[in-house]
Amino acid sequence: MNFENCFPIWSKLTSAERGMFTHSAIHHKLSSGTLTFSASSDCLGLILIGSGRLRIFISSEDGKELTLFRLFPQDICLLSAACIVKDMELNISIEAEKPSEIWIMPSSTCKEIMSQSITFSSYLNQIMFSRIAKILQLFEAVMWESVDKRLAAFLLEERHIEKNDTLKITHEKIANHMGTAREVVTRTLKAFQSKKLVQLSRGSITLTDIDQLLELSE
């Protein structure tokens, strides 16, 4: 997979800018579960996803996690290069949810191109504002929405991502996505099962009433 095929604005960059990215981009292959960036990491640079899926999350001192958003092929992670934005510090972690192929564009290269290219700067600003909006929506949901509603929405989102009504996912993993306790997820899933919304099996959940889950998530 070529770097330029995964960069959404590649055709809009000048030949000089393309050359800077091509010569500085560092290619990595990540296995599932690999932590590629954490709160203690140095400023890594922009991450461009070629294949697979990355999860961006925050964690508390007691070990709880909350997924902020996930990234898919041709997405760019700006938060791993927060140092290119003045006075911006974020305590986030990034892990590969699936085997992934990524390119890391060093912060120094990004800063140099940002100072020269309105196209690139505008693209990064667009990404930043979009991510901030999604994170604010997430925090609003965590604060004000019921666990039932959030869990129904998560299951439907996972169904859309995996393109399957049967989800291979543990209760612990769902809890890490939602920022809650595994026991809460298990209790809520059992309530869903009693209403015939889902069928629970070891290590998997089958969605059996999509319409009711949709209604619950709205």
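Me: What is the volume of the largest pocket in this predicted model?
Reply: The largest pocket has a volume of about 740 Å³. Its lining consists of 24 residues, with Leu68, Leu138, Ala153, Phe154 and Glu157 nearest the centre. Two or more lining residues come from each of β4 (65-71), α3 (118-144), α4 (147-162) and α5 (171-178).

Me: Which element gives the most to the lining of the largest pocket?
Reply: That is α4, with seven residues.

Me: How do the residues of that lining divide into nonpolar, polar and charged?
Reply: There are 10 nonpolar, five polar and nine charged residues in the lining of the largest pocket.

Me: Why is Cys77 called buried?
Reply: Buried means under 20% relative accessible area. Cys77 has 1% relative accessibility, so Cys77 counts as buried.

Me: What makes Cys110 buried?
Reply: The cut-off is again under 20%. Cys110 has a relative accessible area of 0%, and is therefore buried.

Me: What is the volume of the second largest pocket, and which residues line it?
Reply: The volume is about 210 Å³. Among the lining residues are Arg53, Glu97, Glu158, Lys168 and His177. At least two residues of this lining come from each of α4, β7 (166-167) and α5.

Technical notes
Residues are numbered from 1 along each chain as its sequence is written. This is a predicted model: local features need pLDDT of at least 70, side-chain atom pairs count only at pLDDT 80 or more; totals for chains, interfaces and linings use all residues. Side-chain values use heavy atoms; hydrogens and water are left out. On a 1 Å grid over the protein atoms alone, a cavity is a set of points where a 1.4 Å probe fits but cannot get out, and a pocket is an open set with protein on both sides within 12 Å along at least five of seven lines; lining residues have an atom within 4 Å of a point. Grid points are joined across faces, edges and corners, and a volume is the space filled by probe spheres set on the points. Helices (H or I, at least four residues) and strands (E, at least two) are DSSP runs, numbered from the N terminus. Ala, Val, Leu, Ile, Met, Phe, Trp, Tyr, Cys and Pro count as nonpolar, Asp, Glu, Lys and Arg as charged, and the others, Gly among them, as polar. Buried means under 20% relative accessible area, exposed over 50%, partly exposed in between (1.4 Å probe, protein chains only).
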